[in-house]
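Welcome! Keep the picture open while you read.

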Amino acid sequence: MGKALEGVRVLDFTHVQSGPTCTQLLAWFGADVIKVERPGEGDITRGQLRDVPEADSLYFTMLNHNKRSITLDTKNPDGKRVLEDLVRICDVMVENFAPGVLDRMGLTWERIQELNPRIIVASVKGFGPGPYEDCKVYENVAQCAGGSASTTGFDDGPPMVTGAQIGDSGTGLHLALGIVTALYQRTQTGRGQKVLAAMQDAVLNLCRVKLRDQQRLERGPLKEYPQYPNGEFGDTVPRAGNASGGGQPGWILKCKGWETDPNAYIYFITQAPVWAKICDVIGKPEWVTDPDYATPAARLPRLKDIFATVEEWTMTKTKFEVMEILNKYDIPCGPILSMKELAEDQSLRETGTIVEVDHPTRGKYLTVGNPIKLSDSPTEVTRSPLLGEHTDEILREVLGFDERRIGEVRDSGALGLVVPRMAAE
Ligand code: COA
């Protein structure tokens, strides 16, 4: 079966996490992704958080599947010529360097246009145009600047970052959508364009509901927040602990074993249409008709006590037992699954969401496969490339260089260390 992005060639000039997540998705959809890396070290993550000596780290391998790697010193004049050759024949260039780096390399938008007016140039930056546009940005900076940290955590504690990499992987996802959209527009216009996903913007987009609440707050207290009715609301959206962001109140409740297992918890939602069933299950049938509990509005000021009562019931069961019982009644809930439980989940293995991959220097490891499933474009996850593994292949097959030209580029030092040739005798 073919792949959705077959025939699309991507010059992957990305590093660390945000850019690589984007190009990995494009590769999974069938694009030919050519990762250009600095000779010697390559993407800095190859050597970061290493768990196996001398082998590419999981940080790198889990973000760079299905790509090819070429080493190229783009500050070397011949290396820059090769880079420009790649720009000429690629459909997309993706980069997430610090602001100004591409320009300093001589790859201004104008120069890129001269080389290839059809190319789409996609960038991740920390901030869009404005006072912070020149700043370097990492994940947690974006979470803080995009509104996530100020709205995450408990009201009596400091702002918190989340484990989900919404700044890096979240922005990579936004950028990938921008790229395929620009490719689609190119079929009409014949022209490339610039695509920008700023990390602050991506995080703010994912925090959309909190900007909604900011405006609701101006019209009165946020009644579904745990601060209501006892807490004071200031002039900005407070941290809501584990309250649900929607109109159906929810909270995280202890289950059997919580004393020793940090993940023996369940997310419980008191969805209005199933309120009667909830009352039956937890042994409070009188709440169905009691005017203090019968309607969502009556329950709002009593949510804390309601969840405490539900918790008395959930603590008598494991999270999986609670899940099984509640699902029979269509009561929405979610067990708090640990990474260990997810790694061992058979159904995630069967759908290709968790995949085992073999790697020549590190052996077998688990990765997250393509979370987006296309019925006509299946994903086969293949290992990440070794540094410069495809350098010759790309020069020869993609750029059409003959042996003389390859030798010339090699001798210039553009591909890395030049090993002096031994004298013939
Ligand atoms: N050959 C030669 N030089 C190369 C090269 C190559 N193949 N690839 C990169 N370089 C050089 C660049 O030219 C640049 O040099 P310069 O500063 O002299 O112009 C340098 O390597 C690297 O640039 P930079 O992006 O500044 O790396 P950094 O490690 O200092 O900063 C980030 C890392 C992530 C903070 C920064 O890239 C950034 O802010 N990116 C945008 C936001 C982002 O994506 N953040 C999330 C990362 S997960």
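## Before we start

Two strands pair if DSSP finds at least two bridges between them. Helices (H or I, at least four residues) and strands (E, at least two) are DSSP runs, numbered from the N terminus.

This is a predicted model, in which local features need pLDDT of at least 70 and side-chain atom pairs count only at pLDDT 80 or more, while totals for chains, interfaces and linings use all residues. Residues are numbered from 1 along each chain as its sequence is written, and side-chain values use heavy atoms, with hydrogens and water left out.

## Two domains

The protein chain is assigned domain 1 (9-205 + 345-412) and domain 2 (250-331). These bounds come from an automatic or database domain assignment. Between the C-alpha centres of domain 1 and domain 2 there are 44 Å.

## The parallel sheet

In which order do the six strands of the open sheet lie? Follow them as β3-β2-β1-β4-β5-β6, with parallel pairing. At the edges you find β3 (68-71) and β6 (194-198), each of which pairs on one side only. From one strand to the next the twist averages 20°; for such angles, axes are lines fitted to C-alpha atoms, for helices over the stretch in contact, and angles run from 0 to 180 degrees between N-to-C directions.

Now zoom in on one pair. Strand β1 (residues 9-13) is joined to strand β4 (residues 92-95) by four bridges, in the parallel sense. Phe-13 has Glu-95 in β4 as its bridge partner.

## The antiparallel strands

Another open sheet has three strands in the order β7-β8-β9, and here the pairing is antiparallel. Its edge strands are β7 (250-254) and β9 (333-335), each pairing on one side only. Its twist averages 20° from one strand to the next. Strand β8 (residues 265-269) and β9 run antiparallel, joined by three bridges, and Ile-266 stands opposite Pro-335 in β9.

Strands β10 (residues 354-359) and β11 (residues 363-368) form an antiparallel pair with six bridges. Asp-358 has Lys-364 in β11 as its bridge partner. The hairpin from β10 to β11 passes through three residues.

## Around the ligand

Which residues come nearest to the ligand? Of the 23 residues around the ligand, they are Arg-38, Lys-75, Ala-98, Lys-136 and Val-137; a residue is near a molecule if one of its heavy atoms lies within 4 Å of it. The shell consists of ten nonpolar, six polar and seven charged residues. Here Ala, Val, Leu, Ile, Met, Phe, Trp, Tyr, Cys and Pro count as nonpolar, Asp, Glu, Lys and Arg as charged, and the others, Gly among them, as polar.

Look next at the oxygen atoms of the ligand. One lies 2.8 Å from a polar side-chain atom of Lys-75, one is 2.9 Å from a side-chain N or O atom of Arg-104, and one is 3.1 Å from a side-chain N or O atom of His-15. The ligand has 930 Å² of accessible area on its own, and the protein covers 84% of this (Shrake-Rupley method, 1.4 Å probe).

Most residues other than glycine have a negative phi, and most peptide bonds are trans. Tyr-228 and Pro-229 are joined by a cis peptide bond, with omega about 5°. Pro-229 sits in the loop between α9 (208-217) and β7.

Glu-54 is not a glycine, yet its phi is positive, about 70°. You can find Glu-54 in the loop between β2 (32-37) and α2 (58-61).

Conventions:
A polar contact is a pair of N or O atoms within 3.5 Å; within protein, one must be able to donate a hydrogen and the other to accept it, and residues adjacent in sequence count only if both atoms are side-chain atoms.
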